[in-house]
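Keep the viewer open as you go.

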Amino acid sequence: NPFDDNTVGSGTNNTSNDDGGSGDEEDDDEDFHFVDDNDFQPVITARYPPEDHKGNSLQESVTCFCHPGGTINLRLEACMPKVHYFVSTGGKGEQMYGTVLTIWEPYMLTATKKDSADDGDDDKDGANNNNNKKVLKKEFYLPKCLVLISAHPYLVAYREFLVQLHRMSKMGSMPLPIERYIVNFCAEIPAPPPGSFEVQTTILDSSIKFWSPPFNQPITWVSLPFSHLFECLDVEN
């Protein structure tokens, strides 16, 4: 059987009202109001498959796992992508394992400030209100999440796939559309049967392997990155 995974793209929606115009770089940024914590809300921008699997629907609350802090954190400078994991438990006790790759993309915000020095008789009729506003544009970086959700806990393999998929999207020319790689990974690659069989796939120069333990093996988390745990131990332990 194929993995029957879900691949989700999560972005942000600006709920603030920004005015357009040309920037005035000489003004202090602190005098301008750009954004509040609640001005951006997470939304699902794309998904595969387009329809829910039978008995396993995609929940809108997946965006909460993409931003566990509860708010959309903007950044002033570009930064490297990061990966985190989550596990969601359904009403019947079923568990879904999520791997989230977060990248930051540039986004231009516009803020306005009313020039109090220009307040005068012309403002009484409102004719020159627009002339009394200074406009500043500034570039921020908004988070965008690429999420892979599966009933199988192959977290390291999913991380490698998302990283290589993002790397491929930045290379420019691709032999196939990026959607073709997503369909192949989520719907066409078979899940490994329990035992000694292994499934392997390749993306760019990376080989991704999947292995399922026998039924009598108690450790089901065969793909957890335990290296971080061992790095926290000293030599004596």
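The model is predicted, so to speak of local features takes pLDDT of at least 70 and side-chain atom pairs count only at pLDDT 80 or more, while totals for chains, interfaces and linings use all residues. Residues are numbered from 1 along each chain as its sequence is written, and side-chain values use heavy atoms, with hydrogens and water left out.

**Exercise 1.** Describe the fold and its burial.

*Solution.* Begin with the elements, taken as DSSP runs (helices H or I, at least four residues; strands E, at least two; numbered from the N terminus). There are four helices and seven strands, in the order β-β-α-β-β-β-α-α-β-β-α. Next, burial: 33% of the 237 residues count as buried, meaning under 20% relative accessible area with a 1.4 Å probe, protein chains only.

**Exercise 2.** Characterise the second largest pocket.

*Solution.* First, the term: on a 1 Å grid over the protein atoms alone, a pocket is an open set of points where a 1.4 Å probe fits, with protein on both sides within 12 Å along at least five of seven lines; lining residues have an atom within 4 Å of a point. This pocket holds about 380 Å³. Of its 16 lining residues, Asn56, Ser57, Gln59, Ser88 and Met96 lie nearest the centre. Helix H1 (62-66) and strand S3 (82-89) each give two or more residues to the lining, and S3 gives the most, with three. Finally, sort the lining by type: six nonpolar, nine polar and one charged.

How values were computed
Grid points are joined across faces, edges and corners, and a volume is the space filled by probe spheres set on the points. Ala, Val, Leu, Ile, Met, Phe, Trp, Tyr, Cys and Pro count as nonpolar, Asp, Glu, Lys and Arg as charged, and the others, Gly among them, as polar. Buried means under 20% relative accessible area, exposed over 50%, partly exposed in between (1.4 Å probe, protein chains only).
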